[in-house]
Amino acid sequence: MPELPEVEVVRRGLERWVSGRTVAAVDVLHPRAVRRHAGGGEDFAARLVGHRVGVARRRGKYLWLPLDDADAAVLGHLGMSGQLLVQPEDAPDERHLRVRIRFDDTLGTELRFVDQRTFGGLSLHETDREGLPDVIAHIARDPLDPAFDDAAFHAALRLRRTTVKRALLDQSLISGVGNIYADEALWRSRLHYDRPTAALTRPRSYELLGHVRDVMTAALAVGGTSFDSLYVNVNGESGYFDRSLDAYGREDEPCRRCGTPIRRRPWMNRSSYFCPRCQRAPRPAPHL
């Protein structure tokens, strides 16, 4: 699924090409695309028409378009294959086009939600005082947010009886980090994915956060990570950070630090990639 860098690339595209425009018409072409909207497709369309779109926002992996003249926002779930594309109005429809949003201006482009697997969707939600859609108010700030509290993150790590990769993927603790960038940050930090969080010192927690930020910033610079044609930005272009990955997806390839073959292990219905020499597994707890 798209992680913070991929979603931020899409957000920037929406800010440039969609924010500030007024909705003229909405066509919901597949009911699953708005299944998270309580009122259904007709209600979703009716409640958007005539409203002006504000500056696109993001928290972690969550993306939304606030409405400037209402306390509401369109929340976008990209899921496994969702794409928000800005296309010329006369461009042929994509095969898996689910929602079309037209605007009341002469720019000649429209916003399209395309989703091959229909796991994603669009929905309209009320927003809180900070402008967050109510359904994601529990999501933690992400590490690129200037208001992210490093000290609070470390304190939460020490209090939780969990392991470091589980903590990185806990969206109520730190948002935006998924499987790819967790493995990359852990490789850079020389930390095994099963390292208990209670054992992390403050300097190690801060070092890990620094590597999370570094890898995400590097990914943002090249448009994110695309392993197939499903993740693209609003112009339909793929990112190419996959060429720079040090751990994820590199099973049996030599570690770029020590030359030891990278290993892959099943982990929570996913995979973890790590260097067995640079990221030594924690010792098992002694039996009492």
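Start by selecting Arg59: this residue is buried, with a relative accessible area of 9% (buried is under 20%, exposed over 50%, partly exposed in between, using a 1.4 Å probe and protein chains only). Before going further, note that this is a predicted model, where local features need pLDDT of at least 70 and side-chain atom pairs count only at pLDDT 80 or more, while totals for chains, interfaces and linings use all residues. Residues are numbered from 1 along each chain as its sequence is written, and side-chain values use heavy atoms, with hydrogens and water left out.

Glu130 sits in the loop between S8 and H3 and Arg59 in strand S2, so the pair ties together parts that are 71 residues apart in sequence. Glu130 is partly exposed, at a relative accessible area of 46%. Helices (H or I, at least four residues) and strands (E, at least two) are DSSP runs, numbered from the N terminus.

Step over to Arg58 and pick Asp142 with it: their side chains meet in a salt bridge, 2.8 Å from N to O. Here too distant parts of the chain are linked, with Arg58 in strand S2 (residues 57–59) and Asp142 in the loop between strand S8 (121–126) and helix H3 (150–159), 84 residues apart. Both Arg58 and Asp142 are buried.

For the next stop, select Asp27, Asp93, Glu94, Arg100, Arg102, Glu110 and Arg112, which are linked in a network of salt bridges. Zoom in on Arg100 and Asp93, whose closest N and O atoms are 3.0 Å apart. Arg100 counts as buried at 8% relative accessibility, and Asp93 as partly exposed at 48%. A search of the whole structure finds 26 salt bridges.

Switch to cartoon and colour S2, S3, S4 and S8. These four strands form an open sheet in the order S2-S3-S4-S8, with antiparallel pairing (two strands pair if DSSP finds at least two bridges between them). S2 and S8 are the edge strands, each pairing on one side only. The twist averages 30° from one strand to the next (axes are lines fitted to C-alpha atoms, for helices over the stretch in contact, and angles run from 0 to 180 degrees between N-to-C directions). Strand S4 (residues 72–77) pairs with S8 over six bridges; click His77 and you'll find its bridge partner in S8, Gly121.

Bring in helix H1 (residues 4–17), which packs on the sheet, touching S2 and strand S3 (62–66), its direction at about 15° to that of S3 (contact means heavy atoms within 4.5 Å). Helix H2 (residues 40–48) also packs on the sheet, touching S4 and S8, and its direction makes about 60° with that of S8.

Stay on S8 and select Ser123. Ser123 is buried, with a relative accessible area of 0%. Leaving aside residues up to four places away in sequence, Ser123 touches Arg36, His37, Phe44, Ala73, Val74, Leu75 and His77.

Last stop: the structure holds three aromatic pairs (rings of Phe, Tyr and Trp, its six-membered ring, pair if their centres lie within 6.5 Å; planes under 30 degrees apart count as stacked, over 60 as edge-to-face and the rest as tilted). One of them is Tyr193 with Phe274, edge-to-face at 5.4 Å centre to centre and 70° between the planes. Both Tyr193 and Phe274 are buried.

Definitions and conventions. Salt bridge = Lys/Arg side-chain N within 4 Å of Asp/Glu carboxyl O.
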